[in-house]
Amino acid sequence: MTETALDVATPVLAEPRTRVSATLSDDAQLIAACRRGEARAMEMLYHQFKRRVFGMAHRIVGPNDAEEVAQEVFVRVFRGLAAFRGDSALSTWIYRLTVNASLSHLARRGRRQEVGDETLADVPAAPEVSRDPGLAARIERALAELPPGYRAILVLHDVEGLSHEECAAILECRVGTCKSQLHKARARMRELLGPIGGTPQ
Amino acid sequence: MKCEDVRPKLTAYLDGELEGDRGSAVRGHLRSCEACRTASNDEAALRDGLRALPTLDAPSGMWAKIQTQLAVAEIADSEKPSWRRALARWNPQHWVTPRLALASGAVAVIFCVWAWRYSQRERELAPQTAFHLPQLPAVVTPPAPAPVTSADDVASELAAMPKTTSDSYAAAVAELEQLATGERAAWSDSQQKQFDAKIAELKHDIATADEGRPRHRAYRTLIRYLERATSRDEVAFADTRATP
């Protein structure tokens, strides 16, 4: 299937519409242009969301399957844009697809996430994290051991920095549920990490 | 404030969601309790550590792979029959909106209420009709048509027809005779005698007439006479008009 796919995708196709001069500043214009099949708009949308989609997928399903899940998410996004009604923000919808695709992937795979040290070595640690240079790697390892639901809320709120309201919209739950899940997830993470010697408040 | 009260609030406190005295109460406890302070510092370090995790960039070839998958999907779409493409486009959520569901529910409720009230009204009307029926004159009560179920039943119905009609005539005669009895007091003796004689004669005609149409005709003659007599039609007593 892959070979066939590559064969058919190689030819450069003419643009279905020529109205590409419009500024694709807001979501509505970007969505409209993507629905018309404008390649430039689709690529803009991809570049706008690729880091977060890939990052979320990477931290929920692990590095081995992250690209596969991220590809699946973008295919669903572009194929589903025609049915996107705009009930939520475009970003919320895309992140919801990402979390759902990741959790479904884990369920399909049917095994607990076990991320080895070799794969974690590929993840560069941020230099400015803290005084403990190994903390980022320890956090990544502990994150991979969490149940998928806890992992999702930690990634959305603490890693990606989304608000409780955004997290609740993405996970389709109440804000209160979101907060209590975050509290439990952090407690579980602290159990897994042990004392990490944070700076006093 | 105790440790067990503070621990569940640590996440909210560290995320800046506790304001005013709620925040200061937690802060006050943390100043005095080393165990909670350690827990708070650990959670804060975890939160900061998570926030500072590196941003992961997508692999460079991912966009090309996505475009390939989209192209494959579009080709597969184009090979589908049009009805399947239309089915794929159809999204029930667009149609079954909450508003539409609510309207359908309301219509269903209104129909149920109407149907229930209609059945109640029918039930109330039924005994009234049954109560009034006996008060109607027997003569106007038509013989109830029995449901026709087979050819045999139709034949038996036809055979019973003359008798049923004769019964109706007999009922009418009985009623008119009753009326005539009421009127009788106003008549003269000769009129009464003439009336009795005429009635006896007509009844004899009925009794001697053949079953069927001849007997019906005799009944009708008697009935006409009785009607005239009760309304004091002069024709009924034509022979006795001279008598005061």
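Chain A and chain B bury about 4400 Å² between them, with 65% of that area on carbon and sulfur atoms; buried area is the accessible area (1.4 Å probe) that two parts lose on being put together, summed over both. This is a predicted model, in which local features need pLDDT of at least 70, side-chain atom pairs count only at pLDDT 80 or more, and totals for chains, interfaces and linings use all residues. Residues are numbered from 1 along each chain as its sequence is written, chains are lettered from A in the order in which they are written, and side-chain values use heavy atoms, leaving out hydrogens and water.

**Contacts across the interface**

- In chain A, 55 residues are in contact with 42 residues of chain B (heavy atoms within 4.5 Å).
- The rule finds seven salt bridges between the two chains (a side-chain nitrogen of Lys or Arg within 4 Å of a carboxyl oxygen of Asp or Glu).
- One of the salt bridges joins the side chains of A:Arg51 and B:Asp57, at 3.6 Å from N to O.

**The side of chain A that touches chain B**

- At least two residues each come from α1 (2–9), α3 (39–61), α4 (63–80), α7 (135–145), α8 (148–159) and α10 (175–193) of chain A (helices are DSSP runs of H or I, at least four residues, numbered from the N terminus).
- α3(A) gives the largest share, nine residues.

**B:Gly28**

- B:Gly28 sits in helix α3 (residues 20–32) of chain B.
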